[in-house]
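Here is a briefing on one structure. Take a look at it, then read the notes below.

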Amino acid sequence: MNHQAPSERPAVTPTADAGPPAAEVAPAAPAAEPKGPAARAERPRTKGPRPVCPDGLVIVDKPAGFTSHDVVAKMRGIARTRKVGHAGTLDPMATGVLVLGVERATKLLGHLALTEKEYVATIRLGQNTVTDDAEGEITSSADASGVTREAIDAGVAKLTGTIMQVPSKVSAIKIDGKRSYARAREGEDFEIPARPVTVSSFAVHAVHPAEAADGTPVQDLLVSVVCSSGTYVRALARDLGADTGVGGHLTALRRTRVGPYALGEARTLDQLQEELTVMPVADAAAAAFQRWDVNEEQARLLGNGVRIKVPLFDTTGPIAVFGPDGRFLVLVENQGGKAKSLAVFG
């Protein structure tokens with residue numbers, strides 16, 4: 001979906017190993033380990049099954065330059081399983097929260113994608129690009145030094161709330177079964193229909209006058225956005241540029257939250273390589289969905305596919321069902337007052 005502001009990850013400083021206390025008498029040096037094929041043959045080989053990765057979610061702080069599929073491929077190696085998927089893509093330029101599912105938790109991902117997302121970004125007023133972000137060729141430039149803060153705020157207000165948004169042509173949207181970016185690469189002339197999205201919050205925190213590489217006076221806006229899944233932040237940048245009359249595109253994007261999963265829970269790929277941190281599938285479901293605790297009889301019926309009556313909940317959407325022993329059993333939805341199974345876990 002989008003883009004983000006430059007990642008500011010704290011440097012990881014290795015801790016020095018103090019080592020054992022000094023001995024009064026130095027121990028004898030160990031005998032040199034034999035080398036060569038014969039020596040290797042003498043060494044015992046440890047055999048056994050690969051460690052099983054637990055079912056759950058992995059919250060990754062995606063680095064710039066990686067596609068979401070690159071991160072999935074990397075995680076397959078780290079977790080030693082092919083069963084890895086992602087919930088909601090991030091463009092290569094973007095950094096930040098990318099939610100991965102491992103093993104049975106992949107069944108949650110299609111439902112986790114329909115959540116609110118939060119970003120910090122930098123928008124440059126004064127230039128349009130073919131991709132609506134900094135990775136695309138500049139198509140036009142205009143002096144943006146005269147754009148006032150009042151004009152910027154007025155444009156932002158028009159892009160807040162439930163709006164009709166046209167995604168970028170260089171996006172993964174399918175047009176007649178073919179990806180939009182593929183059509184754009186082939187030079188096709190096509191239109192993408194506008195679709196409704198919700199921008200709950202669009203705030204401008206700072207405005208910095210600057211000069212682009214080609215000498216164009218531009219303005220760089222530091223913004224934060226809270227929006228529904230399917231919203232393109234680079235399209236917001238493009239449309240704000242159009243409203244102010246000078247053009248605009250996204251220069252940086254960082255996703256700070258996906259639903260209940262925030263940047264504070266995310267780990268870099270290097271950190272995950274050192275220690276794989278997996279959020280158990282039951283904890284992930286409890287955090288993301290309405291919880292319904294059932295008794296033994298209800299658990300048995302649901303396990304057999306019986307559509308039992310669902311209690312009234314304050315919110316709509318999937319419901320995570322837990323048994324009397326606290327186990328996560330099934331993800332259901334309310335269909336006509338009855339529980340329709342979406343994915344079975346217990």
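Which residue in S11 is the bridge partner of His-208? The partner is Asp-220. The model is predicted: local features need pLDDT of at least 70, side-chain atom pairs count only at pLDDT 80 or more, and totals for chains, interfaces and linings use all residues. Residues are numbered from 1 along each chain as its sequence is written, and side-chain values use heavy atoms, with hydrogens and water left out.

- Helices (H or I, at least four residues) and strands (E, at least two) are DSSP runs, numbered from the N terminus.
- Two strands pair if DSSP finds at least two bridges between them.
- S10 and S11 pair in the antiparallel sense, over eleven bridges.
- Their hairpin has five residues between the strands, and Gly-215 there takes a positive phi near 90°.
- S7 and S10 also run antiparallel, joined by five bridges.
- Gln-165 has Arg-195 of S10 as its bridge partner.
- Gly-161 sits in strand S7, which spans residues 161-165.
- Gly-161 is partly exposed, at a relative accessible area of 24%. Buried means under 20% relative accessible area, exposed over 50%, and partly exposed in between (1.4 Å probe, protein chains only).
- Gly-161 is in contact with Val-197, Thr-198 and Val-199, leaving aside neighbours within four places in sequence. Contact means heavy atoms within 4.5 Å.
- From Gly-161 to Ser-200 the C-alpha distance is 5.6 Å, across 39 residues of sequence.

**Helix H4**

- H4 covers residues 149-158, and Ile-152, Gly-155 and Val-156 are buried in it.
- Seen down the axis of H4, the buried residues fall within an arc of 100°, so they line one face of the helix. The arc is that of the directions from the helix axis to the C-beta atoms.
- An α-helix has 3.6 residues a turn, so residues three or four places apart point the same way.
- Glu-150, Ala-157 and Lys-158 are exposed, on the face of H4 turned away from its buried side.
- The cover over the buried residues of H4 includes strands S4 (117-125), S10 (195-211) and S11 (217-227), and helix H6 (233-244).

**Helix H6**

- H6 is mostly covered, with nine of its twelve residues buried.
- Among the buried residues of H6 are Arg-234 and Arg-238, along with Leu-236 and Leu-240.
- The cover over the buried residues of H6 includes S4, H4, S7, S10, S11 and strand S12 (248-258).
- From first C-alpha to last, H6 reaches 17 Å, close to the 16 Å expected at 1.5 Å a residue. The expected span is 1.5 Å times one less than the number of residues.

**Aromatic cluster**

- The structure holds two aromatic pairs. Rings of Phe, Tyr and Trp (its six-membered ring) pair if their centres lie within 6.5 Å; planes under 30 degrees apart count as stacked, over 60 as edge-to-face and the rest as tilted.
- Phe-322 and Phe-328 have ring centres 5.3 Å apart and planes at 35°, so this pair is tilted.
- Phe-328 and Phe-345 have ring centres 4.7 Å apart and planes at 25°, so this pair is stacked.
- The pair of Phe-328 and Phe-345 links distant parts of the chain, 17 residues apart. Phe-328 is in strand S17 (residues 328-335), and Phe-345 is in the segment after strand S18 (338-344).
- Ring pairs link Phe-322, Phe-328 and Phe-345 into a cluster.
- Phe-322 and Phe-328 are both buried. Phe-328 has 6% relative accessibility.
- Phe-345 is buried too, at a relative accessible area of 5%.

**Two buried loop residues**

- Thr-81 lies in the loop between helix H2 (68-79) and strand S2 (84-87).
- Thr-81 is buried, at a relative accessible area of 11%.
- The side chain of Thr-81 reaches the backbone nitrogen of Lys-83 at 3.1 Å.
- Thr-81 touches Arg-76, Val-102 and Glu-103, not counting residues up to four places away in sequence.
- Val-278 is in the loop between helix H7 (269-274) and strand S14 (279-280).
- Val-278 is buried, at a relative accessible area of 19%.
- Val-278 and Cys-53 are 225 residues apart in sequence, yet 8.6 Å apart in space, C-alpha to C-alpha.
- Val-278 touches residues including Cys-53, Pro-54 and Val-58, not counting residues up to four places away in sequence.

Methods: Polar contact = N/O pair within 3.5 Å; in protein donor to acceptor, adjacent residues only side chain to side chain.
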